[in-house]
Amino acid sequence: MSLSWSPSVLVRSFSRGRNRILPLPSTNERILLLTQREEDASAIHSALAEEPGNICSCPEMRKLCAEIRAGACVALLDAESLAGARLKLLAETLLEQPSWSDLPLIIIADAGDPSGEAWERIGRLVPTGNVSLLERPLDHRSVTGAVRVALRSRRRQYALRDQLLKHERQPAAPRVSKAKPQRARENTPESTNETDFLNAVINSLPGTFYVFDARGQLLRWNEKLEIISGYTAAEVARMHPLDFIAHEYRAHIAERIREVFERGDSSAEADLLCKDGRRIPHFFNGKRFTLGSQTCLIGMGIDIAQQKQTERQLKELHAIAERRVAELDAVIESMPDAVYIGTASGITKCNTNALKMLGAKSVADLNRRIDELGGKFDVRWPDGRRLRPEELQFSRALQGELAIDDVVARKLDTGEDVYIRAASAPIMLHGRIVGAVSINSDLNQRKRAEEALASAKDQLSRHAAELEKRVQERTAKLQQSVQSLEGVLYHVAHDLRAPLRAMQGFTTILLEDYAPKLDKQGEDYAQRVSSAASRMDKLIQDLLAYGRLGHMALSMGTLDLNEEINAARNRLGPEIRARNANVQVERGLPKVWADSVLLGEILVNLMRNAITFVAPGVTPQVRIQAESARPEFIRVWVEDNGIGINPEHHERVFRVFERLRADPVYIGTGIGLAIVRKGTERMGGRAGVESVPGAGSRFWVELPAASKANE
Amino acid sequence: MKTAAAHVLHVDDDPGDILLLEQACRRAAVAFQLHSVSDGETAIAYLGGTGAYASRERYPLPYLILLDLKMPRKSGFDVLTWMRNQPQLRCLPVIIFTASNQEEDIKRAYEAGANSYLVKPVDIHSLIELVKLIEAYWLGINQTPDGSS
């Protein structure tokens, strides 16, 4: 049999099948009534007076149930009758009904909210599926309306029943009717024959079942086809197989059907088109077989809606997962550090930074056992010791540890060492370690900076050492020259004094031994030579003393100013007396931190200066006092009534050989104040003067207070 | 008190100082006899009795030496060091008589075996006083081991 089907051909054949209409036989339309209220009964009787069928009033539930078994069209009963065992009895009775039967139940209840109890009773009947509620007070219209709806529903059930019975009577008919009722108690004498068994098999199939001939005439099908498609058996009988297929699949399915008739079998996926327009994805198959003289297609359609949805969901999940993975990859890639992810058997994911850090071409270079990788990259501690396999940070992370260390690795491409801070952590999923992630940062730059810093430090210290050495050399040279200078000074002084002695000595001899031979003039000249020699000797001695100040070893200690000043005053005694000077010293002067010899020199020179430079005829008045100057320093004031000093000369007076007065009246070597300043400075102090010409001078020296240093 | 014939050797390169000391000794009317040489080398020759100084009669071994430090050729230190190495001169009293009052010189002199250190005064009167003191102390009070003179 070879037919070439086209959609137009199918439509024609579909139209032909439509003419086959089945008759619907009428049946017993008994209305059962159970109510405990008289007014219910009478209202119903009057309302249904004109309805076909007859009302059968039941006095109790048992009777109602017996009538249901005997056959009834609708049952009306009041909610009050549904109490306890009666409800149970009714439910059981309904369950015994044949499969086509869905007896309409109308429950009469009080208007408004029925009590919770009534609802619960009604609820227990709902599984039987056909329960409606009629509220009191019962009026004519609502009763007839409810009963009519129930009757209509029941009639449809009867029609179905009749069809079933008809097919049972004609087992070889080209269409299959509904199988016999499947419940055990429904057994009838016919259920034993072969057709019945076949029907049972067909109806128990998980999908739709169909047999059709080459023209597209459906010969047999199962209940499932009707239930799923929503077409009645009569409608199905008039339809072409392609009528059940959504339009866009029809050509494809027609081709598959042709394949079955030509080659023997085929299958396809397509949407099944329901009567109400719904589409349900199906998998259809077909196999060629011969039924009597006819070549037919026998096959089944499986609802794959669930599977399709699952597939779709899987696809969506897959897309989500892929997006997540892509996002994760992007995150990993964008990290500034090197990121490695993997398990003990190797690194399976890493970013470009990771490849660069280790000089690897691709992640494949890293996808080896972790302990092998440790050797491959020669991973060492900073001290050069190779890491043992179990010491590797990644291995430790796989054991659940958070491992962070600085290590050195050898780059694969260049063989250079790279300093790495390796931080590895376990990846936990549902409480189990499923891998590890390592985030490694490149320490090379820091290392280089450290090395640069170290070398800079090194250089600096070398420079410092060199500088130190140079300073020492210079100092040594300087000391040498100072010493040689002192030597020169000493020699000069020494050699100068010899002729001085001669000058003075012989002048003295001249004056003493040869006085009679000298006239007044000669005596005067000899006298001048002698005194000039004396002055020169004094000058040289002062110069030597000043020179010694610079390098003499100091022996600092706590000194009582009053005692030191008294000692100095005693040394100057002859001069003070000669000048008839008056030196007043304040009592209770503080203690200072100084060298005794140096302080004595300073005080002597200050006092000598004070009593020396006074106007002719003026008695020198000197006052010595002290005060706390800046913190931890004592300022000693030596005040005189001398000639005073012009402000522009205040500094000059402290220089060597700066005698401001050429007048021989003011004898002196011009070195005393220089000794004062230099001596004070050597002890960490300073010296100065306040003076107004003609009004005396106030010289001062500042010395460390005794409390400053350790006494 | 030593004998009036006690001799004192003055070693100094400055003829002025030699003359001044002679004058001072005359004015102080000292009892000892002053001999003068003008440098260290000559002093060693005198003390060793060599060369021109071989005659102990003309150049007797002194009882005391006044020794200047800064002298050409052999300095006072050289003379002193040499003397302390001569068995018969080891205990001979030596007074350093110099213009220097440098700490370093003083220390060095004593270390070399000087018995006294005096700085030459500029004033002749001081010098006369000093000469008197030297005679009183070194030739009067001070005791020296026998055989050193």
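Reader: Which residue in strand 5 of chain A does Ile107(A) stand opposite?

Author: The model is a predicted one. In it, Ile107(A) stands opposite Leu133(A) of strand 5 of chain A. Strand 4 of chain A, residues 105-109, is joined to strand 5 of chain A by five bridges, and the two run parallel.

Reader: In what order do the five strands of this open sheet lie?

Author: The order is 2-1-3-4-5 in chain A, with parallel pairing. Neighbouring strands of the sheet are turned by 20° against each other on average, direction ignored.

Reader: Which strands stand at the edges?

Author: Strand 2 (55-57) and strand 5 (131-135) of chain A do. Each has a single partner strand, so one side of each is left without a neighbour in the sheet.

Reader: Which strands does helix 3 of chain A lie across?

Author: Helix 3 of chain A lies across strand 1 (31-34), strand 2 and strand 3 (74-78) of chain A, and runs at about 170° to strand 1 of chain A.

Reader: How are two packed helices described?

Author: By the angle between their axes and the distance between the axes. Here, helix 3 (residues 61-70) and helix 4 (residues 84-95) of chain A pack at about 5°, with axes 10 Å apart. Angles under 35 degrees count as roughly parallel, so helix 3 of chain A is roughly parallel to helix 4 of chain A.

Reader: Which residues make the contact?

Author: Helix 3 of chain A brings Met61(A), Arg62(A), Cys65(A), Ile68(A) and Arg69(A), while helix 4 of chain A brings Arg86(A), Leu89(A), Leu90(A) and Thr93(A). By class, the contact has five nonpolar, one polar and three charged residues.

Reader: Is Ala66(A) buried or exposed?

Author: Ala66(A), which lies in helix 3 of chain A, counts as exposed because there are 12 C-beta neighbours inside 10 Å. The C-alpha atoms of Ala66(A) and Leu90(A) are separated by 9.9 Å, although the two residues are 24 apart along the chain.

Reader: What tends to happen to nonpolar side chains in soluble globular proteins?

Author: They tend to be buried together. In this model the largest nonpolar core has 40 residues, and those with the most contacts inside it are Leu603(A), Leu606(A), Met607(A), Val636(A), Val638(A) and Leu703(A). Elements that give two or more residues include helix 17 (561-571), strand 20 (633-639) and strand 22 (697-704) of chain A. Helix 19 of chain A gives the most, with nine residues.

Reader: Which residues is Val636(A) in contact with, leaving aside neighbours within four places in sequence?

Author: They are Leu561(A), Ile624(A), Ala626(A), Trp700(A), Val701(A) and Leu703(A). Apart from this core lies another, of 39 residues, among them Leu20(B), Ile95(B), Ala109(B) and Ile128(B).

Reader: How many residues of chain A are in contact with chain B?

Author: Twelve residues of chain A are in contact with 13 residues of chain B. On the chain A side, eleven residues come from helix 15 (residues 444-513), the largest share. The chain A side divides into five nonpolar, four polar and three charged residues.

Reader: What is the phi of Asp378(A), and where is this residue found?

Author: Phi of Asp378(A) is near 50°, a positive value in a residue other than glycine. Asp378(A) is in the loop between helix 13 (370-376) and helix 14 (393-398) of chain A. With 14 C-beta neighbours inside 10 Å, Asp378(A) counts as partly exposed.

Reader: Which residues does the cis peptide bond join?

Author: It joins Arg136(A) and Pro137(A), with omega about -5°. Pro137(A) is placed in the loop between strand 5 and helix 6 (140-169) of chain A.

Definitions and conventions:
Residues are numbered from 1 along each chain as its sequence is written. Chains are lettered from A and ligands numbered from 1 in the order in which they are written. This is a predicted model: local features need pLDDT of at least 70, side-chain atom pairs count only at pLDDT 80 or more; totals for chains, interfaces and linings use all residues. Axes are lines fitted to C-alpha atoms, for helices over the stretch in contact, and angles run from 0 to 180 degrees between N-to-C directions. Helices (H or I, at least four residues) and strands (E, at least two) are DSSP runs, numbered from the N terminus. Angles under 35 degrees count as roughly parallel, over 145 as roughly antiparallel, 65 to 115 as roughly perpendicular and the rest as oblique. Two residues are in contact if their C-beta atoms, placed from the backbone, lie within 7 Å. Ala, Val, Leu, Ile, Met, Phe, Trp, Tyr, Cys and Pro count as nonpolar, Asp, Glu, Lys and Arg as charged, and the others, Gly among them, as polar. Two strands pair if DSSP finds at least two bridges between them. A nonpolar core is a set of buried Ala, Val, Leu, Ile, Met, Phe, Trp, Tyr and Cys residues joined through C-beta atoms within 7 Å. A residue is buried if 20 or more other C-beta atoms lie within 10 Å of its own, exposed if 12 or fewer, and partly exposed in between; C-beta atoms are placed from the backbone.
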